[in-house]
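Hi there,

Here is the structure I promised to pass on to you.

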Amino acid sequence: MKTKLNKMLNWELNLKQVQTSNELLRGKVALTRSDNGALLNICSDQYRPFYNNDLLCLVRKIENISSFELEGFEEFGNGKKILAFLKNGRVRKLGQEAVSDYLIIGNTHDTTSQLFAGMSNYMFRCKNQFSSSLYPLRAKHISGLNPNSIDPKLLLTNYMNDRNQLDSYVAMMMNTPINEPQASRMIDEILNRIEPIPLNNETESFKKYWRKKQIEKAVNKEMNELGETIWGFYNGITFYTSNILQGKGGFGLTNGLSARINKIAWDVSMNNTHA
């Protein structure tokens, strides 16, 4: 994958009292990084953090009962959001292609969300990658939240259910044929959902035109290799976001425009897939 992960998190979350002028601000605490003192958020003193060490403890519990091993961590917003990527030691297939599967466990230090999880897949043949939507773990940052309050077996069960469902979706996509006019209409739909407002600016219009040409080329490539099906079409989109689109999508394409395009393309593809 394009983005390198941090093997470990070399900092922890600190809670500090908030002071304005010469008095303390009651009922509020500041969340800061222990390494550089950067402010991550100011929140209620009822907030109970899930520390970086707590996330690592949860990861170790998952490793102890499964074939998953920690690949590393990725930070967003200077540490406001942290994702742990656990690689499945068992190589699986997605369709007919060998893939690396990743279990994602995420946490935030800016109080925007609770703990969450998801999965990501990396295709060996063409380096395509995409991630599922990240879902909450029903564990909020309130009193009692700690690694022992989250059942790693339930996490793995949810992962397996999601993975099996993905296999069934892929099978349907592989069995749904598509022709060139259909593929062209689907590409237009994806592009219009990425940039729904008509582009009057000449530079922006050219950028959209060039993106369409790049996507068409990627889709044709993957449909030639995987077949003229919805699955071949979708792999063309992920080839574009994984190998052509510039920018930082994050490890597994969990963030930014790449993730957004993949999600839109998945919805459009599923809407055109026959059960």
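A residue is called buried when its relative accessible area is under 20%, exposed when it is over 50%, and partly exposed in between. By that scale Asp 167, at 26% relative accessibility, is partly exposed. Please keep in mind that this is a predicted model.

Let me stay with Asp 167 for a moment. Its side chain meets that of Arg 92 in a salt bridge, at 3.1 Å from N to O. Asp 167 belongs to helix H2 (residues 152-174) and Arg 92 to strand E6 (residues 92-94), so this contact ties together parts that lie 75 residues apart in sequence. Arg 92 is partly exposed as well, with a relative accessibility of 21%.

There are 12 salt bridges in the structure. One of them links Arg 33 with Glu 75, whose closest N and O atoms are 3.0 Å apart. Here strand E2 supplies Arg 33 and strand E4 (residues 68-76) supplies Glu 75, so parts 42 residues apart in sequence are tied together. Arg 33 is buried, at a relative accessible area of 7%, whereas Glu 75 is partly exposed at 22%.

Another salt bridge pairs Glu 222 with Lys 221, with 2.8 Å between the closest N and O atoms. Glu 222 is buried, its relative accessibility being 0%, while Lys 221 counts as partly exposed at 28%. Salt bridges with shared partners also join Arg 92, Asp 101, Arg 163 and Asp 167 into one network.

Now to the strands. E2 (residues 23-33) and E3 (residues 39-44) run antiparallel and are joined by 5 bridges. Thr 32 in this pairing stands opposite Leu 39 of E3.

I would be glad to hear your thoughts once you have had a look.

Best wishes

Key. Residues are numbered from 1 along each chain as its sequence is written. This is a predicted model: local features need pLDDT of at least 70, side-chain atom pairs count only at pLDDT 80 or more; totals for chains, interfaces and linings use all residues. Side-chain values use heavy atoms; hydrogens and water are left out. Two strands pair if DSSP finds at least two bridges between them. Helices (H or I, at least four residues) and strands (E, at least two) are DSSP runs, numbered from the N terminus. A salt bridge is a side-chain nitrogen of Lys or Arg within 4 Å of a carboxyl oxygen of Asp or Glu. Buried means under 20% relative accessible area, exposed over 50%, partly exposed in between (1.4 Å probe, protein chains only).
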